[in-house]
Amino acid sequence: MTHTLDITKDHCPMTFVKVKLGLSKISPGDILDVLLSEEEPLVNVPKAAKEQGHRILEIKNEGSHYRILIEKNN
Amino acid sequence: MENETKKLSIICFSGDFDKAVAAFTLATGAAAVNWEVNVFFTFWGLNILKKKQGRSTIGKGFLARFFNFLMGGSKNLPLSRLNFGGISPGLMTGMMKKRNVATLDELIESAKQLKVKLVACEMAMHILGIQKSDLIDDVQEVIGVPTFLEYSKNGQVIFIS
């Protein structure tokens, strides 16, 4: 199952705080589809997710923003 | 490095608005990247945790009640500079909202959700005549120096003055 989260308007630390809380609410194996801006979130969100053992499936540039697909670990 | 204990302990001595924002930004940021986080509130820092967010005469004894009234709660935290008689924290919160930066209330709420451990100083509470029931329920324990040292052992410690 895929869940979406838009953090394009957020700033540090709420970018990766929201991603962590979002991941805590979904089931293992589910995907969190995160919309984010470049710079800080683009660096910190994948880094934080990887550190917690989640898998980054894809990072896409969609013009004005980026999209990262994170699979929740078991 | 793999098994390195990632632990951050913050001593929040200050009850200034901007410093409380700094303390909770560090606390939530670290907790969000899976660090164990303890925040120890002492002296002025206790004002951030009072259940009564405005001015109230909590505490035991005339002087304690007087001090607690003057210090107020989380809605009375002054800006450490350019406080302008207390209007600045409200203006700053407005600017934070406008720029989509988390406000102090949002940071505190996130810290709770991320299970940041909030603890209060027994000695400072004793001086100010404050009971654990005067503080928000999220304060897990009232502790002294030995317990803080035990909690912060083998991690990083930051003092916010």
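Helix 1 of chain B packs against helix 4 of chain B at an angle of about 35 degrees, and their axes are 9 Å apart. The model is a predicted one. Both helices also supply residues, at least two each, to the side of chain B that touches chain A.

**The helix 1 and helix 4 pair in chain B**

- The two helices, helix 1 and helix 4 of chain B, cross in a left-handed sense.
- On the helix 1 side, the residues that meet helix 4 of chain B are Phe17(B), Ala20(B), Val21(B), Phe24(B), Thr25(B), Ala27(B), Thr28(B) and Ala31(B).
- Their partners in helix 4 of chain B are Leu104(B), Leu107(B), Ile108(B), Ser110(B) and Ala111(B).
- By class, this helix contact holds 10 nonpolar residues, three polar ones and no charged ones.

**Contact between chain A and chain B**

- Chain B brings 12 residues to the contact, and chain A brings 13 residues.
- Helix 1 of chain B spans residues 17-32 and helix 4 of chain B spans 104-113; each gives at least two residues to the side facing chain A.
- Helix 1 is the main contributor on the chain B side, with four residues.
- The side of chain B that touches chain A consists of seven polar and five nonpolar residues, with no charged residues.

**Nonpolar core**

- The largest nonpolar core has 55 residues.
- The members that touch the most other members are Val19(A) and Val34(A) in chain A, together with Phe24(B), Ala27(B), Val39(B) and Phe41(B) in chain B.
- Helix 1 of chain B supplies the largest share of this core, 10 residues.
- Beyond its neighbours within four places in sequence, Val19(A) is in contact with Leu5(A), Ile7(A), Leu32(A), Val34(A), Val45(A), Ala48(A) and Ala49(A).

**Overall form of chain B**

- Chain B has six helices and five strands.
- Along the sequence these elements follow the order β-α-β-α-α-α-β-α-β-α-β.
- The radius of gyration of chain B is 16 Å, close to the 15 Å that the globule rule gives for 161 residues, so chain B is as compact as a globular protein of that length.
- Taken along the principal axes, the C-alpha atoms of chain B fill a box of roughly 50 × 40 × 25 Å.
- Of the 161 residues in chain B, 38% are buried.
- Among chain B contacts between residues at least 6 apart in sequence, 70% join residues at least 24 apart.

Key. Residues are numbered from 1 along each chain as its sequence is written. Chains are lettered from A and ligands numbered from 1 in the order in which they are written. This is a predicted model: local features need pLDDT of at least 70, side-chain atom pairs count only at pLDDT 80 or more; totals for chains, interfaces and linings use all residues. Two residues are in contact if their C-beta atoms, placed from the backbone, lie within 7 Å. Ala, Val, Leu, Ile, Met, Phe, Trp, Tyr, Cys and Pro count as nonpolar, Asp, Glu, Lys and Arg as charged, and the others, Gly among them, as polar. A nonpolar core is a set of buried Ala, Val, Leu, Ile, Met, Phe, Trp, Tyr and Cys residues joined through C-beta atoms within 7 Å. A residue is buried if 20 or more other C-beta atoms lie within 10 Å of its own, exposed if 12 or fewer, and partly exposed in between; C-beta atoms are placed from the backbone. The radius of gyration is taken over C-alpha atoms; the globule rule is 2.2 Å times the number of residues to the power 0.38. Axes are lines fitted to C-alpha atoms, for helices over the stretch in contact, and angles run from 0 to 180 degrees between N-to-C directions. A crossing is left-handed if the near helix is turned anticlockwise from the far one by less than a right angle, and right-handed if clockwise.
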